[in-house]
Amino acid sequence: MSTPSDERVVGRVVKAHGLRGELVVEPRTDNVEARFAPGTVLSVRGSRAFRVPALTILAARRHADRLLVTVEEVGDRDAAEALRTAELTAPALAEAPEDPDEFHDHQLEGLAVVLGDGTAVGTVTAVLHGAGGELLAVDRTEGGELLVPFVAAIVTEVDVAGGRLVLDPPEGLLDPAD
């Protein structure tokens with residue numbers, strides 16, 4: 001059995017599709033065929049309205065850049081709507097090759113955030129996935145939260161083993177919100 005730290009986000013439910021409870025899922029994996037194969041069980045994270053902790057894939061098909069997914073536990077549109085914005089997770093695949101420029105959310109969460117000169121900025125508390133890309137939610141050292149676009153021009157170094165990431169923020173990014 002996997003623990004939450006072993007789990008990887010493989011998709012996010014965008015909305016319901018049709019009357020029979022099909023899910024529109026935005027995949028978050030390079031291995032879509034394996035992760036959404038019939039019989040695969042995915043854990044559900046982030047849905048307060050849907051009370052089933054896991055979903056069993058019955059079918060999945062491509063729909064533009066998303067998937068239309070049928071699961072055993074959802075039989076109507078209302079149940080599918082209850083899953084809107086939920087993340088679907090699965091254990092890490094042992095055979096998955098690691099790309100040195102890609103990171104899993106759990107690897108980034110908890111890293112210290114510093115500037116190039118070593119000045120402490122805060123700690124990464126979450127990775128937010130949106131249509132425009134990923135944002136790092138940073139709990140600032142002096143209080144408050146900072147959202148940092150997770151792009152190479154701003155996040156210049158990620159040192160998972162060293163427990164830190166280095167920022168080169170554009171002017172105004174670190175200014176407190178008024």
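This is a predicted model: local features need pLDDT of at least 70, side-chain atom pairs count only at pLDDT 80 or more; totals for chains, interfaces and linings use all residues.

Residues are numbered from 1 along each chain as its sequence is written, and side-chain values use heavy atoms, with hydrogens and water left out.

Next I checked the strands themselves (DSSP runs of E, at least two residues, numbered from the N terminus; helices are runs of H or I, at least four). Strand 11 (residues 155-159) runs antiparallel to strand 12, joined by four bridges; two strands pair if DSSP finds at least two bridges between them. The two make a hairpin with four residues between them, and Gly163 in that turn has a positive phi of about 75 degrees.

On strand 12 (residues 164-167) I also found strand 7 (residues 112-115), parallel to it, with four bridges. Leu115 stands opposite Leu167 there.

I then read the UniProt record, an unreviewed entry, which places "domain: Ribosome maturation factor RimM PRC barrel" at residues 106-173. Such positions use the numbering here, feature names are shortened, and annotations may be inferred rather than shown by experiment. I found that span to be 4% helix and 54% strand, with its end C-alpha atoms 24 Å apart.

Last, I turned to strand 6 (residues 87-91). Strand 1 (residues 7-17) pairs with strand 6 antiparallel over five bridges, and Arg8 has Ala90 as its partner.
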